[in-house]
Amino acid sequence: MATMKDVAKKAGVGLGTVSRVINNHPSVKDATRVKVQKAIKELDYSPNIIARNLKVSQSETIALIIPTIWHPFFSEFAYYVEENVSKRGFKLVLCNSDKNYQKEVEYLEMLKQNKVAGIIAITYNDIDNYVSSNLPIVSVDRHFSEDVVYVTSDNYNGGKMAVNKLIENGCKKLAFIGTTSTRPTDVKNRKIGFKDECIRQSIEYTIFDEKEPVENLEKKIENYIDENRDIDGIFAINDFVGLTIIKILGKKGIKIPEDIKIIGYDGVKMSTEQEFLISTIRQPVERMAKCAVDSIFDILENNIENKRRVLPVTYVKGSTTII
């Protein structure tokens, strides 16, 4: 007599997917449902009615790990992740880790115990020992030692785009201002793209790049600006750093965008009604969230092909540039 495991093997999917097809769960893609139903028919599989009435071992909950809910980018990302998870008939559990190593490890242990079906993670902690390519995990921006699926925006072209927009705004000497995680992340490509494009355009540039965690970041940026008073265009690694720079320049009486133009990265808005706080390279947050959710379900359905998913960015004018 054929078993559910036989059906899963023949259809090339996981046991959880077979269970969801049998229970007519809306989260299963039509193409996957057809494959499973075909395997059931060919194997003449008859599900155990008693077993079907028992609680399935695989959770129908996805966990999202973010460093902090207070950052508008992470909040917006969480909003769209929940929206897409809900459309699949699953629930979302939010882990506001505060960059706490132990919190993140506990969620990964929940995954290994099938208390959650999968994890989408934005993390900067050293959790490589707990992450495996065999687990349903999707990382955002972060690379792990194992070949884990990850979703990111096109950080490299974002850096190049910022340089070209600052040049269009008439800038002659550019600065990159940011910090670098000790963990391997795609965010570092913002600086690389910036530097490569400055060299290609033969434009003078300077770089401020501190290793995280950084103490007295605002004071260090202020000292850097004092030492480089001839810069007239700044690319900040993210909008929050950009806002810090605006605060510093305001104290010094330096006018924005008349004296210095600033471009950030992320596309932070405090609400849907407000304008963008600064000119910025906008990450496609809604698309990134959908892509991350789609990737988790591709893994659960054994349907993953491309493990590196890079989405395009756009330039959005705010009040810190002229054009």
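Contact here means heavy atoms within 4.5 Å. By that rule, Phe240 touches His71 and Pro72, leaving aside residues up to four places away in sequence. This is a predicted model: local features need pLDDT of at least 70, side-chain atom pairs count only at pLDDT 80 or more, and totals for chains, interfaces and linings use all residues. Residues are numbered from 1 along each chain as its sequence is written, and side-chain values use heavy atoms, with hydrogens and water left out. Helices (H or I, at least four residues) and strands (E, at least two) are DSSP runs, numbered from the N terminus.

**Helix α1 and its cover**

- Helix α1 spans residues 4-11, and Val7, Ala8 and Ala11 in this helix are buried (under 20% relative accessible area, with exposed over 50% and partly exposed in between; 1.4 Å probe, protein chains only).
- Viewed down the axis of α1, the buried residues fall within an arc of 100 degrees, so they line one face of the helix. The arc is that of the directions from the helix axis to the C-beta atoms.
- An α-helix has 3.6 residues a turn, so residues three or four places apart point the same way.
- Lys5 and Lys9 are exposed on the face of α1 turned away from its buried side.
- The cover over the buried residues of α1 includes α2 (15-22) and α3 (30-43).

**α2 against α3**

- The axes of α2 and α3 come within 10 Å and cross at roughly 85 degrees. Axes are lines fitted to C-alpha atoms, for helices over the stretch in contact, and angles run from 0 to 180 degrees between N-to-C directions.
- α2 and α3 are therefore roughly perpendicular to each other. Angles of 65 to 115 degrees count as roughly perpendicular, under 35 as roughly parallel, over 145 as roughly antiparallel and the rest as oblique.
- From α2, Thr17, Val18, Val21 and Ile22 meet Thr32, Arg33, Val36, Gln37 and Ile40 of α3.
- The contact of α2 with α3 divides into five nonpolar, three polar and one charged residue. Ala, Val, Leu, Ile, Met, Phe, Trp, Tyr, Cys and Pro count as nonpolar, Asp, Glu, Lys and Arg as charged, and the others, Gly among them, as polar.

**α7 against α8**

- Helix α7 (residues 155-168) packs on helix α8 (residues 188-201) at an angle of about 45 degrees, with the axes 6 Å apart. That makes α7 oblique to α8.
- Residues of α7 in the contact include Tyr156, Lys160 and Ile167, and those of α8 include Arg190, Phe194 and Glu197.
- By class, the contact of α7 with α8 has six nonpolar, six polar and four charged residues.

**Phe240**

- Phe240 lies in helix α10 (residues 239-251). Phe240 is partly exposed, with a relative accessible area of 35%.
- The C-alpha atoms of Phe240 and Gln102 are separated by 26 Å, and the two residues are 138 apart along the chain.

**Backbone features in loops**

- Glu212 and Pro213 are joined by a cis peptide bond, with omega about -5 degrees. Pro213 is in the loop between β7 (204-211) and α9 (217-227).
- Asn216 is in the loop between β7 and α9. Asn216 has a positive phi of about 55 degrees although it is not a glycine, and is exposed at 60% relative accessible area.
- Pro257 lies in the loop between α10 and β9 (261-266).
- Asp44, in the loop between α3 and α4 (49-53), has a positive phi near 55 degrees. Asp44 is exposed, with a relative accessible area of 66%.
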